[in-house]
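Please keep the model open while reading the notes below.

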Amino acid sequence: MDGSLGIFARATFLTVVIAMGGSAAAGELAATASKRIPICHGYSCNYRTMLALGPGDGARFRSILRAGAGSPQAERSAISKAVRYFEQRIFRATGIRDLPQSEFGASRIRGQMDCVDESTNTHALLVYLAERKLLRFHKVEDKASRGLFVDGRYPHWTAVISDRGGTEWVVDSWYAPMGGAPDIFPLSQWKKRGVLESGALD
């Protein structure tokens with residue numbers, strides 16, 4: 001009887017170990033699975049270019065986010081690096097290097113991105129990372145906006161994440177050139193900015 005129980009216990013243990021290994025393997029497979037993401041450009045998504053992220057891209061994102069696994073602050077730094085890599089991939093897909101910010105009132109400039117394009121693309125990347133369980137300390141929120149002209153500010157959009165404490169953070173890549181580091185700071189601070197001074201956004 002005791003011997004039978006011992007054999008049963010060992011068999012159960014092996015089953016659990018195998019299941020755990022299978023789960024880890026499934027997680028890695030999901031993290032590197034291919035994904036096609038429509039990239040917005042040309043101002044307010046006038047143009048869309050399909051970007052195929054393959055297993056190599058998935059492995060790169062997993063490596064980038066693994067380096068930020070120690071704390072929320074480290075993860076936000078890793079997210080910044082992920083955005084920079086993502087924009088390098090966008091450049092390879094579109095063949096056009098987006099300049100920082102955008103010309104107000106312009107339209108249909110292929111390859112150039114306004115804040116609608118930038119926030120949409122960054123949001124898509126964040127969803128991609130979240131779907132692959134690469135974000136430990138943050139979740140993806142809806143995009144946010146500020147400015148209505150009548151309040152002395154241009155309308156401006158950004159992607160948003162929130163930490164476990166409920167603080168929302170912008171991930172705003174519009175100000176930087178393609179492949180540059182996005183602004184990542186509390187949404188409450190971002191909401192107060194954007195006053196028109198000499199025709200420029202702050």
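1. The model is a predicted one, in which local features need pLDDT of at least 70 and side-chain atom pairs count only at pLDDT 80 or more, while totals for chains, interfaces and linings use all residues. Residues are numbered from 1 along each chain as its sequence is written, and side-chain values use heavy atoms, with hydrogens and water left out.

2. Cys45 sits in the loop between strand S1 (35–41) and strand S2 (47–53), where strands (E, at least two residues) and helices (H or I, at least four) are DSSP runs numbered from the N terminus. Cys45 counts as buried because its relative accessibility is 17%.

3. Lys133 also has a positive phi of about 60° although it is not a glycine. Lys133 is placed in the loop between helix H4 (115–131) and strand S3 (138–146). With a relative accessibility of 69%, Lys133 counts as exposed.

4. Within helix H4 lies Thr122, which is buried, its relative accessible area being 3%. Leaving aside residues up to four places away in sequence, Thr122 touches Val83, Ala159, Val171 and Ser173, a contact being heavy atoms within 4.5 Å.

5. How do H2 and H4 pack? Helix H2 (residues 55–66) meets H4 at an angle of about 85°, with the axes 11 Å apart, so that H2 is roughly perpendicular to H4, a label given to angles of 65 to 115 degrees, whereas under 35 is roughly parallel, over 145 roughly antiparallel and the rest oblique. From H2, Asp57, Gly58, Phe61 and Leu65 are in contact with Leu125, Tyr128 and Leu129 of H4. By class, this contact of H2 with H4 has five nonpolar, one polar and one charged residues.

6. For the chain as a whole, there are five helices and six strands, arranged along the sequence as α-β-β-α-α-α-β-β-β-β-α. Of its 202 residues, 42% count as buried. Among contacts between residues at least 6 apart in sequence, 60% join residues at least 24 apart. The accessible surface comes to about 10800 Å², of which 57% belongs to carbon and sulfur atoms, the areas coming from the Shrake-Rupley method with a 1.4 Å probe.

Terms used
Buried < 20%, exposed > 50% of the residue type's maximum accessible area, 1.4 Å probe, protein only. Axes fitted to C-alpha atoms, helices over the stretch in contact; angles between N-to-C directions. Nonpolar A, V, L, I, M, F, W, Y, C, P; charged D, E, K, R; others polar.
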